[in-house]
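Biologist: I would like to learn how to read a protein model. Could we go through one together?
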Amino acid sequence: MENDKLKRETIVARGVPSHVAIIMDGNGRWAKAKGLERWQGHKEGVEAVRRVMEASGEVGVKYLTLYAFSIENWNRPGDEVSMLMGLMVDAILSETANLMRQRVRVKAIGNLQDLPVEAREKLAGLIRLTEANDGLTVVLALSYGSRWEILQAAKRLAVDYGTADAATLDALGEGEFARYLTTAGIPDPDLLIRTSGECRLSNFLLWQIAYSELYFVGKFWPDFQKEDLYLAVQNFQQRERRFGMTGEQVKIK
Ligand code: IPE
Ligand code: IPE
Ligand code: MG
């Protein structure tokens, strides 16, 4: 099968990204194009999440971060927001056994306090339950916004370092700052994918993607298949990450 061949090639090729982050966009337009309601697009989007989680685990990705709901998404009509929150709770309940079987560890980033109580509690339960799993780590970005994240980090840092002397402040590096982000302990993404043809970041992981490879694909999220993930990974494998150095330098490393 074409799919299996792509998967084998992806695994064999060197340098599978250890962390893939995805801006899962286009659910509403997918539904509209089919004459359906927006919520049906979101529901179908959950199926794409299942496929991509499986594909990521199979090719050896270690971290998969999924932008599921942004801070700005709170500004959507109330019924869409409630539907999305309900969908998350349903997905947690229906997918728990599957996640345990795949040994997936679930984490969440974002302003989780703002989630409705049921969603927050179900999410906390899933995180606890899957904590010791040793497979793919799935990081759900919920009520997430990068500027919010950086600002809350700066505020907490100001409290902790408010009375620090100049030498201590001087020694404070990027690594120390990153510990105040909600992604503390999670490596930066190697590859960032956005679906639906939009070429923007929409307030996602602005600090963390400083050196990520960006990949934009026209498909709407509900149409995203396992092979689309393999293709994105293969595209990543053809790139040369230079981190500010010259091509010659990175080749001899
Ligand atoms: C992505 O799809 C899902 C969320 C943002 C929650 P959209 O709902 O943004 O779909 P479009 O962009 O309107 O098509
Ligand atoms: C980004 O998509 C957020 C998620 C995918 C959860 P949006 O659809 O909210 O982004 P904009 O508003 O088009 O930039
Ligand atoms: Mg959108």
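Biologist: In which sense do strand β3 and β4 pair, and over how many bridges?

Modeller: Strands of a sheet pair through backbone hydrogen bonds, either parallel or antiparallel. Here, β3 (residues 105-109) and β4 pair in the parallel sense over five bridges. Strands are DSSP runs of E with at least two residues, helices are runs of H or I with at least four, and both are numbered from the N terminus. Two strands pair if DSSP finds at least two bridges between them. As an example, K107 has V139 in β4 as its bridge partner.

Modeller: A word on the source: this is a predicted model, where local features need pLDDT of at least 70 and side-chain atom pairs count only at pLDDT 80 or more, while totals for chains, interfaces and linings use all residues. Residues are numbered from 1 along each chain as its sequence is written, chains are lettered from A and ligands numbered from 1 in the order in which they are written, and side-chain values use heavy atoms, with hydrogens and water left out.

Biologist: What is the order of the strands in the open sheet?

Modeller: The six strands are ordered β3-β4-β2-β1-β5-β6, with parallel pairing. At the edges are β3 and β6 (213-216), each pairing on one side only. Further in, β2 (residues 63-70) and β4 run parallel, joined by seven bridges, and F69 stands opposite L142 in β4. Four bridges link β1 to β5 (residues 191-194), also in the parallel sense; there A21 has L192 in β5 as its partner.

Biologist: Is strand β4 buried or exposed?

Modeller: Buried means under 20% relative accessible area, exposed over 50%, and partly exposed in between, with a 1.4 Å probe and protein chains only. Eight of the eight residues of β4 (residues 137-144) are buried, so this strand is largely enclosed by the rest of the structure.

Biologist: Where does P17 lie, and which residues does P17 touch?

Modeller: P17 sits in the loop between α1 (2-12) and β1 (19-23). Contact means heavy atoms within 4.5 Å. Not counting residues up to four places away in sequence, P17 touches V61, D190, L191, V233 and F236. P17 counts as buried, at 1% relative accessibility.

Biologist: How far apart are P17 and S56 in sequence and in space?

Modeller: They are 39 residues apart in sequence and 9.7 Å apart in space, C-alpha to C-alpha.
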